[in-house]
Amino acid sequence: KSSSSVKSSSSQQQQPKSSSSQPKSSSSQQQQQNNPNAGAEEAKSLNAGAGGQQGFATRYWDCCMPHCSWPEHGGSAKTCDAKGKTPIGNNGGSICSGGQGATCTSQIPIIVSDKLAYAFAATPGNDNTCGKCFALTFTGKGKYETKANHKALAGKTLVVMASNIGYDVQGGQFDIMIPGGGVGAFNGCARMGWGAQGKQYGGLLSDCEEEVGYSGDLLSKRKECLTKKCNSSFANDPQAKEGCLFLATWMEAAGNPTHNFKEVPCPAALKAQY
């Protein structure tokens with residue numbers, strides 16, 4: 001029921017179409033010109049986490065039925081079939097424990113503009129955060145390393161809605177739902193028809209970090225590597241591919257970036273997909 005264990009990107013080496021509303025989903029290139037509401041949404045949400053508590057973001061996509069979908073945990077989050085496409089009832093259990101319920105691929109991140117995006121996330125292990133939203137304003141640093149990728153994220157804000165929990169998620173940590181972000185402790189993705197998902201913790205980006213190394217033009221190299229892997233692994237699922245590419249584009253292929261966060265009202269675009 002809970003999310004993956006998370007850990008990470010480069011910690012070992014270096015001691016995560018959417019809504020019917022305006023925001024476009026991930027891989028579209030510069031969305032603000034296509035989104036007349038971007039300015040108003042930015043004004044409301046940009047830097048909303050600044051001055052808040054400190055934390056960091058990890059990533060995962062385990063395909064399991066989200067914790068907040070289970071009837072005993074409120075049943076408020078959407079559940080889809082084993083392909084992640086068709087909404088179903090939440091009484092059939094999770095594909096990760098012999099049932100039929102899975103994460104809906106419509107819950108991929110949503111890009112509002114260069115500086116603002118929305119996503120779903122797992123939060124530390126309790127039911128009290130289900131359906132709540134938090135603004136994560138990135139600091140330009142990383143938890144385990146700080147590279148050009150992390151610096152390029154500085155000042156961007158990701159508003160996340162809690163749809164899952166992880167008993168291994170730390171305080172201040174938000175485990176962002178990003179296809180290809182790593183399956184973690186539970187892997188329900190076998191029936192999705194996707195290609196390689198990368199490292200169990202950290203997914204395709206962790207593979208890229210190892211492949212391109214830790215010096216040189218990492219901003220370009222990691223983004224190019226991850227883009228190639230997203231296009232390959234999700235060739236048969238355009239929606240999941242867009243979600244994977246969000247990490248390569250909007251998130252600058254930055255592993256485990258640090259942020260300041262505050263609770264905020266939930267954007268309509270996230271509520272529509274929850």
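Glu224, Lys228 and Ser232 are exposed residues on the face of helix 4 turned away from its buried side. In these terms, buried means under 20% relative accessible area, exposed means over 50%, and partly exposed lies in between, for a 1.4 Å probe and protein chains only. Helices (H or I, at least four residues) and strands (E, at least two) are DSSP runs numbered from the N terminus.

Before I continue, a word on the basis of this presentation. The model is a predicted one, in which local features need pLDDT of at least 70 and side-chain atom pairs count only at pLDDT 80 or more, while totals for chains, interfaces and linings use all residues. Residues are numbered from 1 along each chain as its sequence is written, and side-chain values use heavy atoms, with hydrogens and water left out.

Let me stay with helix 4. This helix comprises residues 218–233, 16 residues in number. From its first C-alpha to its last, helix 4 reaches 22 Å, close to the 22 Å expected at 1.5 Å a residue; the expected span is 1.5 Å times one less than the number of residues. Its buried residues are Leu218, Arg222, Cys225, Leu226, Cys230 and Ser233. They lie on the same side of helix 4, because they cover an arc of only 135 degrees around the axis, the arc being that of the directions from the helix axis to the C-beta atoms. What covers these buried residues? The cover includes helix 2 (148–153), helix 3 and helix 5 (238–248), where contact means heavy atoms within 4.5 Å.

I turn now to the chain as a whole. Its secondary structure comes to six helices and 10 strands. Of the 274 residues in the chain, 58% are buried. The accessible surface comes to about 10200 Å², and 48% of this belongs to carbon and sulfur atoms; areas come from the Shrake-Rupley method with a 1.4 Å probe, and for residues only the protein chains shown count as cover.

Next, the strands. Two strands pair if DSSP finds at least two bridges between them. Strand 7 (residues 133–142) has eight of its 10 residues buried, so this strand is largely enclosed by the rest of the structure. Strand 7 pairs with strand 8 (residues 157–166) in the antiparallel sense over five bridges, and alanine 135 has valine 159 of strand 8 as its bridge partner. Strand 7 also runs antiparallel to strand 10 (residues 257–264), with seven bridges joining them; here cysteine 133 is partnered by valine 264.

Strand 10 pairs with strand 2 as well, antiparallel and over four bridges, with glycine 55 opposite histidine 259. Strand 2 (residues 53–60) is mostly covered, six of its eight residues being buried. Towards strand 9, strand 2 runs parallel, with five bridges, and the bridge partner of arginine 59 is isoleucine 176.

Finally, some individual residues. Serine 106, in the loop between strand 4 (87–88) and strand 5 (110–111), is buried, with a relative accessible area of 15%. Its side chain makes a polar contact of 3.1 Å with that of glutamine 273; such a contact is a pair of N or O atoms within 3.5 Å, where within protein one must be able to donate a hydrogen and the other to accept it, and residues adjacent in sequence count only if both atoms are side-chain atoms.

Alanine 272 belongs to helix 6 (residues 268–273). The C-alpha atoms of alanine 272 and lysine 78 are separated by 9.9 Å, although the two are 194 residues apart along the chain.
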